[in-house]
Amino acid sequence: MLDKRQFYINGVWVDPAHPNDHEVIDPATEDACAVISLGAQADTDAAVAAAKAALPGWMATSPEDRIAALERVYAAYKTRTEDLAKAISTEMGAPIALASTSQVGAGLSHLKNFIAAAKAFEWEKPLNADTPDTLIRHEAVGVCALITPWNWPMNQVTLKVGAALVAGNTMVLKPSEESPLDAMIFAEIMDAADLPPGVFNLVNGDGAGVGSQLSSHPDVDMVSFTGSTRAGIAISKAAAESLKRVHLELGGKGANLVFADADEKAVKRGVLHMMNNSGQSCNAPSRMMVEASRYDAAVEEAAATANKVQVGPPSEDGRHIGPVVNATQWSKIQDLIQKGIDEGARLVAGGTGRPDGLNKGFYVRPTVFADVTNDMTIAREEIFGPVLSIMKFETEEEAVAVANDTPYGLTNYVQSTDVDRRHRLARQLRSGMVEMNGQSRGAGAPFGGMKASGNGREGGSWGIHDFVEVKAVSGWASE
Ligand code: NAD
């Protein structure tokens, strides 16, 4: 078993102030694969103090110097992709092919996009051409606490660290206690990038400990958080006392509107998107809404597609899905599948229990419910597992109303070959992102939500904007 009980503080690996062992469980075997330490207040304080001490120097560097630093991070990341993929696959169960491509690749592309965005970013500019005497400056917010989840761990770590770093902030990263191993490799990457001590720090811990210590810490200026809406609310409350800036990326309950005129692959694409990463994506299209004339065929096709989704060990190569992250998530998903049955939804694929042939590991059967109504628990709660709900609609107006009838607002999806309809829906759907006809967002596009899905925007220049203060300086050009 790997011994990973150290923290990265002030440019060196240090032992915890008070040992507090925590086993990292491999969800495929249910056995411990590593031991980490959960930090105590003294560890949090040491990391925050290091970040605070490093702040004046790092803030004063030029954007060019910080871009060069990010380029060194990018180069170091490239040399560790295999290690990162293995760690992600072991600790959160992503099949190795998915971990190597999408999971690790997401981090690489975010770092690259931040380099490009930072080069184009107007760090200082006159208010406008007529008022050169007023200068608008973008400068660091300060000491940032970065709290990340386990589901797309490198994606979320790089979205926060890349933007915070290039904007001149110093930081303390607290990765999820479910996926600390890839984050510790990332700390080695930061170490190899030769940053001034204290600019980047990592302390492992859980939400109740290091997570809430960072959220309430008087010397932390900003918290950037990705994870559950529950934790987002707790962090906002803890941060309120010291009036920290809080940026949140929370859950979702995305609608996928499939119109009768959608392309022939639309239903299959929607099911596979839902099952990807074992359904553990905040932007998963978990409510498939199908126009009445195509509904029966869509249900049949969705069930057939789900039945073909293979479930298997993360260490095996292939396009199967792996287990979900832990026992708690597995039980929560089982309860929600049972609730779907009890509340009258029609089970057309999957169901409770493990898939055939898998007796150990947190494996879930790819599951599809038809005849779901939007008041059912499975249509309202984020399940975070490979479970799809299908609903029927008659008119476009009804589809929009039901899609928007959710506390969440992260990503909605539209499948239609009618361009006028797509343009109407792009304006009417209440979510931070709308993805149409299977087209993914362009490089550097902002990722983030509305309503209970949060208030942050991550990636590219919008991601940098999240980590800067805007300062207006008058008398800049006068004698
Ligand atoms: P979580 O929100 O509890 O954990 C995410 C991160 O927040 C972890 O680093 C955790 O240690 C930390 N955290 C937890 N409580 C905290 C607190 N009070 N103060 C500060 N930090 C805190 O998520 P989870 O329990 O691992 O998963 C539960 C549910 O969260 C899932 O079912 C899913 O719905 C949702 N989730 C969403 C996302 C997303 O990307 N939006 C990611 C992970 C989980």
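Which strands and which helix do the buried residues of α10 pack against? The views below start there. This is a predicted model, in which local features need pLDDT of at least 70, side-chain atom pairs count only at pLDDT 80 or more, and totals for chains, interfaces and linings use all residues. Residues are numbered from 1 along each chain as its sequence is written, and side-chain values use heavy atoms, with hydrogens and water left out.

**View 1. Helix α10 and its packing partners.** Helix α10 covers residues 292–308, 17 residues in all, and spans 25 Å from its first C-alpha to its last, close to the 24 Å expected at 1.5 Å a residue (the expected span is 1.5 Å times one less than the number of residues). Helices (H or I, at least four residues) and strands (E, at least two) are DSSP runs, numbered from the N terminus. Look for a kink of about 30° centred on A298; the bend at a residue is the angle between axes fitted to the seven residues ending there and the seven starting there. A298 is also one of the buried residues of α10, along with R294, Y295, V299, A302, A303, T305 and A306. Buried means under 20% relative accessible area, exposed over 50%, and partly exposed in between (1.4 Å probe, protein chains only). To answer the opening question, the buried residues pack against helix α9 (266–275) and strands β14 (287–291), β15 (346–349), β16 (367–370) and β17 (387–393). Contact here means heavy atoms within 4.5 Å.

View 2. For K332, a polar side-chain atom lies 2.8 Å from a ligand oxygen. On its own the ligand has 810 Å² of accessible area, and the protein covers 88% of that (Shrake-Rupley method, 1.4 Å probe).

**View 3. H138 in strand β7.** H138 sits in β7 (residues 135–140). Why does H138 count as buried? Because its relative accessibility is 10%. Its side chain reaches the backbone oxygen of E122 at 2.9 Å. Leaving aside neighbours within four places in sequence, H138 contacts F121, E122, W123, H465, V468, E469 and V470.

**View 4. T411 in strand β18.** T411 belongs to β18 (residues 411–415) and is buried, with a relative accessible area of 2%. Beyond neighbours within four places in sequence, T411 touches G254, A255, N283, S431, M433 and E435.

Technical notes:
A polar contact is a pair of N or O atoms within 3.5 Å; within protein, one must be able to donate a hydrogen and the other to accept it, and residues adjacent in sequence count only if both atoms are side-chain atoms.
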